[in-house]
Amino acid sequence: MIDLRSDTITQPTTGMKEAMMAAPVGDDVFGEDPTINALEQKAADFFGMESAIFCPSGTMTNQIAIRVHTAPHTEVICDEKSHIYLYEGGGIAYNSFASVRLLHGDRGRITADMIQDNINNPDDVHAPISTLVSLENTMNKGGGCVYDFKEIEKISSLCKDKNLKLHLDGARLFNALVATDDDPKKYGKHFDTISICLSKGLGCPVGSLLLGTQEDIKKARRVRKVLGGGMRQAGFLAAAGIYALDHNIKRLEDDHIRAKAIAEALDGLKFVDSVMPVETNIVIFKLANNALSVDFVNKLKQKGILAVPFGKLDVRFVTHLDFDDDMLEDLIKKLKAI
């Protein structure tokens, strides 16, 4: 099968497995796992931030950040397509008792002007207090599109001026960094917290990190404990993260090239109405003639291709390190034969 459902389906490479099995470990709840400590420091240094905490998932790192930055009767400002809103089980309400102000951005990317127009008056008792702005880069529902860093700088400046916290859901931030060649430390200067995922494009079996100030990460450790995220000898997983940061960032370019090749092949095929612009490793296309994505995905499966419905008429492919050029050639042949 050619599996393009997600970049989360990758298997650890031989080198990654060897690094995992050789990792020294300890009890992380006591702060005694040397490999976790090394990963957290490495990730924090990479983005020029003070501290980091290792968690099982990106949903947990996002939800911890929201809990740290908000309180009941406050509000999170984000795009309506945000993962923190659509795909985290209502966690903002359940975990933080916070409200959400949803904006309609450009494929999920919001602007400083949009945020400015949606900050509640803190003296109005009828409205929750605007406390946190959350961005997502790359934007999953936007076809892996990337923020212009100049807009991020504007948003950061506005948040500082209005005393709002700024969080980044960077589940695929490394894809954005490879696509733009931006300095990761620029991100560390503008965001209060950053969530990065190791189990997507970087190919780890498990794990995400939340980056921030020492004070915020100290609070995050308490929230992680409450959510059941305290792990013991998890250095085996952290070793995979260290290996990925050392070996698997630059190779994301290959995923981007293959995603663009898929988009080019789809363009003009009779069953395709339109294809979202491809900037990184996500390809989203709309089916022609009001064909249902669920039915089409089942048809693809019969031809040995796995994908996911991404809306009533939309289908998503995601390229990854287990999808090579031979698979790309086979995929394009099968798509053209439909």
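UniProt positions are given in the numbering used here, feature names are shortened, and annotations may be inferred rather than shown by experiment.

**Setting up.** I am looking at a predicted model, where local features need pLDDT of at least 70 and side-chain atom pairs count only at pLDDT 80 or more, while totals for chains, interfaces and linings use all residues. I number residues from 1 along each chain as its sequence is written, and side-chain values use heavy atoms, with hydrogens and water left out.

**The lysine in the record.** I began with Lys 200, which an unreviewed UniProt entry lists as "modified residue: N6-(pyridoxal phosphate)lysine". I found Lys 200 in the loop between strand E7 (193–197) and strand E8 (208–212). Here helices (H or I, at least four residues) and strands (E, at least two) are DSSP runs, numbered from the N terminus.

Is Lys 200 buried or exposed? Lys 200 is buried, because its relative accessible area is 16%; buried means under 20%, exposed over 50%, and partly exposed in between, with a 1.4 Å probe and protein chains only. I then looked up what Lys 200 touches, leaving aside residues up to four places away in sequence: Asp 7, Thr 8, Thr 10, Ala 171 and Arg 172. Contact means heavy atoms within 4.5 Å.

**The whole chain.** I counted 14 helices and 13 strands in the protein. The radius of gyration is 20 Å, close to the 20 Å that the globule rule gives for 338 residues, so the protein is as compact as a globular protein of that length. That radius is taken over C-alpha atoms, and the rule is 2.2 Å times the number of residues to the power 0.38. Buried residues make up 56% of the 338. Of the contacts between residues at least 6 apart in sequence, 73% join residues at least 24 apart.

Most residues other than glycine have a negative phi, and most peptide bonds are trans. Which residues does a cis peptide bond join? I found Asn 137 and Thr 138, with omega about 0°; Thr 138 is in the loop between strand E5 (129–136) and helix H7 (149–161).

His 73 is not a glycine, yet its phi is positive, about 80°. His 73 sits in the loop between helix H3 (58–69) and strand E3 (74–79), and is exposed at 67% relative accessible area. Asp 181 has a positive phi too, near 60°. I found Asp 181 in the loop between helix H8 (173–180) and helix H9 (184–190), where Asp 181 counts as exposed at 70% relative accessibility.
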